[in-house]
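Try each task before you read its solution.

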Amino acid sequence: MQRYVYHMVPSHMVGQELMPLNRLGAMYPDLYERYTKKYFDHPERTKLLSREIPPLNCLWNDVVHFLPIHPNYIYKKLTELGIETKENLMFYQIPIQKLVANQNAMYLYSKEHYKGPAGAIAAEDIKLLSIDDYRELEQLPLATIDYFQTEKEKGKNFGLFAYIPHLLSLGNVNVDEAEIITWNHFNPN
């Protein structure tokens, strides 16, 4: 059975490879500026740009971030909770084998260890990953669902991927053969 990781399709992309923000900045400064704007919407989020990922010996923006869960699970939970969202948000559905040349790790993003965007990543929340051991998640963490409910009640904008583990890949990832899916549809292979 094919296993996938998921990455939101960038609104502006050059070439056929997803690349870490720091590499993007060296090659395409205008795109770097566009994609780092989201880090300046909150005073603590800017610190993510210099956040270290312990076992990979790199920074947050030296890796490409992937979801290890089909985005439809997120879409369905948001709509079940009555949270308005974009209907046709697009994601690359990338075969896990496309990451084989990179060093990869799972960021568990556990609520117990998360210290906010300015806090250091807890070493126990990062697990080096062999591609052969990778498995997609089939349900959202309870902490994510609780977060959605709490933030909805506050009536504020909030992150779509809070407390969902992330696969962090150190290197570029080719998407030339990746399927583009929308998160409001789920078509199991």
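The exercises below go from strands to a helix and then to aromatic rings. Keep in mind that this is a predicted model.

**Exercise 1. State the order of the strands in the open sheet that contains β11, and name its edge strands.**

Solution. 
- Step 1: Read the order. Three strands form this open sheet, as β1-β6-β11, and the pairing is antiparallel.
- Step 2: Find the edges. β1 (4–8) and β11 each pair on one side only, which makes them the edge strands.
- Step 3: From one strand to the next, the twist averages 35 degrees.
- Step 4: Look at one pairing in detail. β1 and β6 (residues 90–95) are antiparallel, with 5 bridges. Y6 stands opposite Q93 of β6.

**Exercise 2. Decide whether E179 is buried, partly exposed or exposed, and list what E179 touches.**

Solution. 
- Step 1: E179 belongs to strand β11, residues 179–182.
- Step 2: Take the relative accessible area, which is 47% for E179.
- Step 3: Compare with the cut-offs. Buried means under 20% and exposed over 50%. E179 is therefore partly exposed.
- Step 4: List the contacts. Leaving out residues up to four places away in sequence, E179 touches F91, Y92 and Q93.
- Step 5: Check a distance. E179 and Y6 are 173 residues apart in sequence, but their C-alpha atoms are 10.0 Å apart in space.

**Exercise 3. Find the strands that β9 is joined to, and give the number of bridges for each.**

Solution. 
- Step 1: Start with β5 (residues 64–66). It runs antiparallel to β9, with 3 bridges between them. Here F66 stands opposite L167.
- Step 2: Go on to β7 (residues 103–107). It is also antiparallel to β9, with 5 bridges. Here N104 stands opposite S169.

**Exercise 4. Which residues of helix α3 are buried, and what do they pack against?**

Solution. 
- Step 1: Locate the helix. α3 covers residues 71–80.
- Step 2: Name the buried residues. They are P71, N72, I74, Y75, K77 and L78.
- Step 3: Name their partners. The buried residues of α3 pack against β1, β6, α4 (142–154) and β11.
- Step 4: Look past the helix end. G82 follows α3 and has a positive phi, near 75 degrees.

**Exercise 5. Classify two of the aromatic pairs by their plane angles.**

Solution. 
- Step 1: Recall the description. A ring pair is described by the distance of the centres and the angle of the planes.
- Step 2: Count. The structure holds 12 aromatic pairs.
- Step 3: Trace the chain. Y75 is in helix α3 and W183 in the segment after β11, 108 residues apart.
- Step 4: Check burial. Y75 is buried at 10% relative accessibility, and W183 is buried at 0%.
- Step 5: Take Y114 and Y163. Their centres are 5.9 Å apart and their planes at 90 degrees, so this pair is edge-to-face.
- Step 6: Y114 is partly exposed at 25%, whereas Y163 is buried at 14%.

Notes. Residues are numbered from 1 along each chain as its sequence is written. This is a predicted model: local features need pLDDT of at least 70, side-chain atom pairs count only at pLDDT 80 or more; totals for chains, interfaces and linings use all residues. Side-chain values use heavy atoms; hydrogens and water are left out. Two strands pair if DSSP finds at least two bridges between them. Helices (H or I, at least four residues) and strands (E, at least two) are DSSP runs, numbered from the N terminus. Buried means under 20% relative accessible area, exposed over 50%, partly exposed in between (1.4 Å probe, protein chains only). Contact means heavy atoms within 4.5 Å. Axes are lines fitted to C-alpha atoms, for helices over the stretch in contact, and angles run from 0 to 180 degrees between N-to-C directions. Rings of Phe, Tyr and Trp (its six-membered ring) pair if their centres lie within 6.5 Å; planes under 30 degrees apart count as stacked, over 60 as edge-to-face and the rest as tilted.
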